[in-house]
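Hi there,

Here is the structure I promised to pass on. Have a look at it first, and then read on for what turned up.

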Amino acid sequence: MMEWNVVVSVNEFGFKRAREVLRAYGAVQKTAFYNVLTMKVDDTGQFMEALRERSEADPSSLSFLSRLIPVTHTFSFQSPDEFEQKAGAIVTEWAPQLAGKRFHVRIHRRGFKGKLSSPEEERFLDKVVLEALHKEGHSAQVTFEDPDAIIIIETIGQRAGLSLWTREQLQRYPFIRIDN
């Protein structure tokens, strides 16, 4: 499997169209998971802007998308402990950006069934962020109601990709759809 920095979930019967359209923006690869593609794009910011402009010009042009998640950090893991260690280090880096904010962690796990529980890992990483902030004398609130930011984690087998999205970014790029 190639390195990736975008995970794409495709609507029913949209797989072929997704590959055709997205190929113009970067390398697209099938995964072992139903209606899930990965991509490698050179610049995720430019990619997101290009998709936003495309969807504004023709709102139905991205109808094949269920969710599209660019990620800023990726890593491989062999165990739940290794996942927690690596993901925890990344979300700790983001803690200062979440000071005084309302946030939550959302994991979309594909693979590692029975070994990695999305709800348990979400709670664990929420706690990691809160503890990092507490050490610095700051606080934040975990909430699902109109959060200021969301940390998203996509796993494909034993590879994970993470990104942090603000409310403003989610409004600018409605095709991200983190909580779908």
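Is Phe103 buried or exposed? Phe103 is buried, because its relative accessible area is 0%. Please keep in mind as you read that this is a predicted model.

Phe103 sits in strand E6. Setting aside neighbours up to four places along the sequence, its contacts are Leu98, Asp126, Val129, Leu130, Ala140, Gln141, Val142, Thr143, Pro147 and Ala149. Glu84 is 19 residues from Phe103 along the chain, and the C-alpha atoms of the two are 19 Å apart.

Now to the helices. Helix H3 covers residues 80-98 and helix H4 covers residues 118-135. In general, a pair of packed helices is described by the angle and the distance between the axes. For H3 and H4, the angle is about 45° and the axes lie 8 Å apart. The two helices are therefore oblique to each other, and their crossing is right-handed.

- From H3: Phe83, Glu84, Ala87, Gly88, Val91, Thr92, Ala95, Pro96 and Leu98.
- From H4: Glu121, Phe124, Leu125, Val128, Val129, Ala132 and Leu133.

By type, the residues of this contact comprise 12 nonpolar, 2 polar and 2 charged.

Just after the helix comes Gly100, whose phi is positive at about 75°.

Which residues of H3 are buried? They are Phe83, Ala87, Gly88, Ile90, Val91, Trp94, Ala95 and Leu98. In an α-helix, residues three or four places apart point the same way, because a turn takes 3.6 residues. The cover over the buried residues of H3 includes H4 along with strands E5 (73-76), E6 (102-110), E8 (149-156) and E9 (159-166).

Strand E9 also holds Gly161. Gly161 counts as buried because its relative accessible area is 0%, with the cut-off for buried being under 20%. Beyond residues up to four places away in sequence, Gly161 touches Trp4, Val71, His73, Thr74, Ile152, Ile153 and Glu154. Glu145 is 16 residues from Gly161 along the chain, and their C-alpha atoms are separated by 24 Å.

With a relative accessibility of 49%, Asp146 is partly exposed.

Finally, where is Tyr34 found? Tyr34 is in the loop that runs between strand E2 (27-30) and strand E3 (36-40). Tyr34 is exposed, because its relative accessibility is 62% and exposed means over 50%. Between Tyr34 and Ser9 there are 8.7 Å from C-alpha to C-alpha, and the two are 25 residues apart in sequence.

Note on methods. Residues are numbered from 1 along each chain as its sequence is written. This is a predicted model: local features need pLDDT of at least 70, side-chain atom pairs count only at pLDDT 80 or more; totals for chains, interfaces and linings use all residues. Side-chain values use heavy atoms; hydrogens and water are left out. Axes are lines fitted to C-alpha atoms, for helices over the stretch in contact, and angles run from 0 to 180 degrees between N-to-C directions. Helices (H or I, at least four residues) and strands (E, at least two) are DSSP runs, numbered from the N terminus. Angles under 35 degrees count as roughly parallel, over 145 as roughly antiparallel, 65 to 115 as roughly perpendicular and the rest as oblique. A crossing is left-handed if the near helix is turned anticlockwise from the far one by less than a right angle, and right-handed if clockwise. Contact means heavy atoms within 4.5 Å. Ala, Val, Leu, Ile, Met, Phe, Trp, Tyr, Cys and Pro count as nonpolar, Asp, Glu, Lys and Arg as charged, and the others, Gly among them, as polar. Buried means under 20% relative accessible area, exposed over 50%, partly exposed in between (1.4 Å probe, protein chains only).
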